[in-house]
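Welcome, and thanks for taking a look at this one. Please have a first glance at the sequence and the fold, then read on.

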Amino acid sequence: MSEAAIDADEAHGDDDHGHHDAPFLGHHFKDHDHQFNTGKLGIWLFLGQELLFFGGLFCAYAIYRGIHPEIFIEGHHFLDVNLGAINTCVLLFSSLTAAWSVRMAQLGNKNGLMLMIVLTIACAFGFLGIKYMEYSHKFHEGILWGQMFSPSADAMDHAMQGAQADSRLHIFFSIYFVMTGLHGIHVIGGIIAYLYLLKRAAAGHFGPKYYGPVDFIALYWHLVDLVWIFLFPLLYLIH
Amino acid sequence: MNNDEAHAEEHHDHHIMSPKVLIGTWLALMALTGLTVAAIKVDLGAQANLIVAMAIAAAKAMLVCLIFMHLWFDQKYNVMVFFGSVIFVVLFISITFIDTKRNVPFRDAWDATNKPTPEGRVVVEPTVSPVGTAGSDAAAESGEIDVPAAQKPRVPWPSQLPNTPRVAPTAH
């Protein structure tokens, strides 16, 4: 160990465990504000890359829709607008409860915080449940991606009303499954994050001074909502 | 508003959203969702319908960003990070589009040699014999694309090349 490192260690000895009254304040942070702002910048950077990550898929969507608008018109007839709209409302409500959970943490209302977290998790499961209904119907009817696309005659008749389908229709479902599937994985990630948050909230870790994790996970959850806000009209509402 | 809240709201970093603002934002988001579902039923032409749907989605996104994600009250560098990303996504898609337009002749050339039927379409009839891509008709006619009897009749699809093993869709 170098001399400088030893010096640093010794210097630490005095005040690194100095935040005795604040068990969750990292010793490398000056105060709660410092820690909060650092974490906040971190989560925003993460959300920025999430946006670029989904941006690639939206780009693929835009190109295919630009080249073959007809397969998107035909493809959306296979989706249930009502289920998509219900899922939008479920996610919007969960965004409200997520935003409210931050308020509860800021006010130091432990029970309120836990209630909001539970509601958010419940909505996330509700969203996945409806998505499961949609997916299982499509799997059953053979409405799958790429080479797996092998629609039942029933489903085809129902969606196309006897009209001819474009031979590239399977591309729509490749895009549909990748975009909604990746979004669904993010919802599962959100559930795991909120379960972690629930455990910590129950232990009474959060209050007006320390609520960073509640805020950061809520931000992530809002981003998941944001992506769906665009996916819903792009996949379900096509004219 | 209790004392705690009043105190915290003075503080730049710890802005607490009032219930009124939160619920108002949520109601606005729900109303916009209803509007976008209703708007798609009005025939404005494919282009205009898409623009309206995207404008409503953008309005919803702004509400979520500025209020639920409290970017409006946040440090300016966080705003910069996020909208910096938005700008790059827009650039990414726009620049790719320039290239896509240039690819159209290649696409048309590919289509001309790969059309499964003269119209480039598949007839939706379960009884129709499987239509393969160019050069695979013989394989298709010999019945290599066979549907398990237990399954519902399937519409033959040109994306299923006859010479690749067909993966049967999972039943559930």
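What follows is a short briefing, grouped by topic.

This is a predicted model, in which local features need pLDDT of at least 70, side-chain atom pairs count only at pLDDT 80 or more, and totals for chains, interfaces and linings use all residues. Residues are numbered from 1 along each chain as its sequence is written, while chains are lettered from A and ligands numbered from 1 in the order in which they are written.

**Confidence**
- Chain A has an average pLDDT of 89, and 92% of its residues score at least 70; pLDDT is the predictor's confidence in each residue, from 0 to 100.
- A stretch to treat with care is residues 5-16 of chain A, where the pLDDT is below 50 and the model shows two contacts beyond near neighbours in sequence. Two residues are in contact here if their C-beta atoms, placed from the backbone, lie within 7 Å.

**Chain A overall**
- Eight helices and one strand make up the secondary structure of chain A, in the order α-α-α-α-α-α-β-α-α along the sequence. Helices (H or I, at least four residues) and strands (E, at least two) are DSSP runs, numbered from the N terminus.
- Chain A is more spread out than a compact globule, because its radius of gyration is 23 Å, well over the 18 Å that the globule rule gives for 239 residues. That radius is taken over C-alpha atoms, and the rule is 2.2 Å times the number of residues to the power 0.38.
- Along the principal axes, the C-alpha atoms of chain A fill a box of roughly 80 × 45 × 25 Å.
- Of the 239 residues in chain A, 42% are buried. Buried means that 20 or more other C-beta atoms, placed from the backbone, lie within 10 Å of the residue's own.
- Taking contacts in chain A between residues at least 6 apart in sequence, 78% join residues at least 24 apart.

- The 24 residues of α8(A) should span 34 Å at 1.5 Å a residue, and the 35 Å between its end C-alpha atoms agrees. The expected span is 1.5 Å times one less than the number of residues.
- Because 22 of its 24 residues are buried, α8(A) is largely enclosed by the rest of the structure.
- The largest nonpolar core has 86 residues, with Val214(A) and Tyr220(A) having the most contacts inside it, and α8(A) gives the largest share, 17 residues. Such a core is a set of buried Ala, Val, Leu, Ile, Met, Phe, Trp, Tyr and Cys residues joined through C-beta atoms within 7 Å.
- Beyond four places in sequence, Tyr220(A) is in contact with Ile43(A), Leu47(A), Gly190(A) and Ala193(A).

**A look at Thr180(A)**
- Thr180(A) lies in helix α7 (residues 169-202) of chain A and counts as buried, with 21 C-beta neighbours inside 10 Å.
- Setting aside residues up to four places away in sequence, Thr180(A) touches Lys131(A) and Leu231(A).

**Chain B and the interface**
- Chain B has five helices and one strand, following the pattern α-α-α-α-β-α.
- Of the 172 residues of chain B, 23% count as buried.
- Between the chains, 64 residues of chain A are in contact with 62 residues of chain B. On the chain A side, the largest share, 18 residues, comes from α2(A).

Conventions:
Buried ≥ 20, exposed ≤ 12 C-beta atoms within 10 Å, placed from the backbone.
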